[in-house]
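Good morning, and thank you for coming.

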Amino acid sequence: MSAQLQFKRRVYLLPLIAILLNIASCTTNNRNINRVSLVGAGASFPAPLYERWLSDYNQQNPNVEINYQAIGSSAGVQQLIEGTVDFAASDVGITNQQAAKIKRGAIALPITAGSIVLAYNLVPAARQSSQVNLSTGLKLPRQVYVDIFLGKITNWNHPRIAVANPGVNLPDLAIQVVHRTDGSGTTSVLTQHLSAISPEWKSKIAAGKSVAWPVGIGGKGNEGVTALIQQIPGAIGYVEYVYAKQNKLPMAALENKFGNYITPTPESVAQTLEAVKLPADNLIAFITDPKGAQSYPIVTYTWLLTYHQYPNRVKAQTLKNFIDWAVIDGQKSSLELGYIPLSQKVVLQVQSAAKKIGE
């Protein structure tokens, strides 16, 4: 009798155990299905904003983990071509030649915008004069900053700088140019501007993500250039506005095409962006020398680059969801950090283009 009871218990328990194991298995599988990881890489220009976005988005969507590495626009595009990332970021979008190498297709989406500033370190000068604070408000004529990067103007008390800054006690201090060492969209945007305003720069150096700098020392990424400017008295270099703002670096007021000296601010950058018309086919456009009287002269969008086709439909939909969040809710963080929110017209263009992802 005891043996029969034990047998019956086994008969009843085995199906129950099987059911419980099946439920546990389904629960584990559902968790795995719901959890999605995306990897992106590229421009350092938007990296502080991406960092904020990815943190905020993960809090609202804990099953979605998106990682981004700021390795420069060139490296980001290359990784997209090689298929080692789910998305990339570039301050110059993507060329037709680069896009042709991607069998899965490429889509470029302007995701935010900002300015490239000339930040400098004149701390010793501030100590020489108690009446004038040279850490703010330095004016640089357009041909002067071209000649600084060409190595023609090598000292901060040069007469051509002095003329633009009357009453300022400029220091007898050597100028140390700081530039990027990595392939950079920031470099491309700056050198496009320098080529537009200087025939000499265009013929001798030209524009590109990497150029043969006549003078200076190099740092990797916006963060590397920022650190060198902070460390070197007399330094001047180009960085994205947010890096200068966060590190409290003084930024030069640059002479624009109209002849006005414009300090980089969200308002002056927005003035420039109003003149940029994004073509419907690829949403990539630049304005190398804006005409507006109050326009800051060195401004760019930065683009998020995706594939057209994704083997994993869940990843494609997750990326589309994130992009839709970024151009609506994410834009609220842009101005706070020093970027320029997208206009409603551009938001609609991005949303329309993003619908093609995975289709």
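The model before you is a predicted one. Let me begin inside it, with helix H8, which gives three residues to the lining of the largest cavity, the most of any element. What is the volume of the largest cavity? The computed value is about 50 Å³. In its lining we find Val189, Gln192 and His193, together with Phe286, Ile287, Thr288, Pro297, Ile298 and Val299. Sorted by class, this lining has six nonpolar residues, three polar ones and no charged ones. In total, the structure holds three cavities of 30 Å³ or more. For those new to the subject, rolling a probe the size of a water molecule over the atoms shows where empty space is left.

I stay with H8 and turn to its packing. Two packed helices are described by the angle between their axes and the distance between the axes. Helix H6, residues 142-150, packs against H8, residues 185-197, at an angle of about 120°, and the two axes are 10 Å apart. Because of that angle, H6 is oblique to H8. Their crossing is left-handed. On the side of H6, the contact is made by Arg142, Gln143, Tyr145, Val146 and Phe149, and on the side of H8 by Leu190, His193, Leu194 and Ile197. By class, six of these residues are nonpolar, two are polar and one is charged.

The largest pocket has a volume of about 330 Å³. It is lined by 16 residues, and those closest to its centre are Ala106, Ile107, Ala108, Asp281 and Asn282. Which elements give two or more residues to this lining? They are helix H4 (96-100), strand S4 (106-120) and helix H15 (344-354). The lining of the largest pocket comprises nine nonpolar, five polar and two charged residues.

The second largest pocket has a volume of about 260 Å³. Of its 15 lining residues, Leu273, Glu274, Tyr301, Ser343 and Val346 are the closest to the centre. Two or more residues come from each of helix H12 (266-273) and H15. H15 gives the most to this lining, with three residues. Here the classes are ten nonpolar, two polar and three charged residues.

Helix H13, residues 313-328, packs with H15 at an angle of about 180°, their axes being 10 Å apart. Why is this pair called roughly antiparallel? The angle of about 180° makes H13 roughly antiparallel to H15, because angles over 145 degrees count as such. The contact is formed by Lys320, Ile323, Asp324, Val327 and Ile328 of H13, with Val347, Val350, Gln351 and Ala354 of H15. In this contact there are six nonpolar residues, one polar residue and two charged residues.

H13 has another partner, helix H2, residues 47-60. The angle between H2 and H13 is about 115°, and their axes lie 11 Å apart. H2 and H13 are therefore roughly perpendicular to each other. The crossing of H2 and H13 is right-handed. From H2, the residues in contact are Trp53, Leu54, Asp56, Tyr57 and Gln60, and from H13 they are Thr318, Asn321, Phe322, Trp325 and Ala326. Six of the residues in this contact are nonpolar, three are polar and one is charged.

To close, let me recall two helices. H8 packs with H6 and gives the most to the lining of the largest cavity. H15 packs with H13 and gives the most to the lining of the second largest pocket. Thank you for your attention.

Notes:
Residues numbered from 1 in each chain as written. Predicted model: local features only at pLDDT ≥ 70, side-chain atom pairs only at ≥ 80, totals over all residues. Heavy atoms only, no water. Axes fitted to C-alpha atoms, helices over the stretch in contact; angles between N-to-C directions. Helix = DSSP H or I, 4+ residues; strand = E, 2+ residues; numbered from the N terminus. Parallel < 35°, antiparallel > 145°, perpendicular 65-115°, else oblique. Left-handed = near helix turned anticlockwise from the far one by under 90°. Contact = heavy atoms within 4.5 Å. Nonpolar A, V, L, I, M, F, W, Y, C, P; charged D, E, K, R; others polar. 1 Å grid on protein atoms, 1.4 Å probe; cavity = no way out; pocket = protein on both sides within 12 Å on 5 of 7 lines; lining within 4 Å. Points joined across faces, edges and corners; volume = space filled by probe spheres on them.
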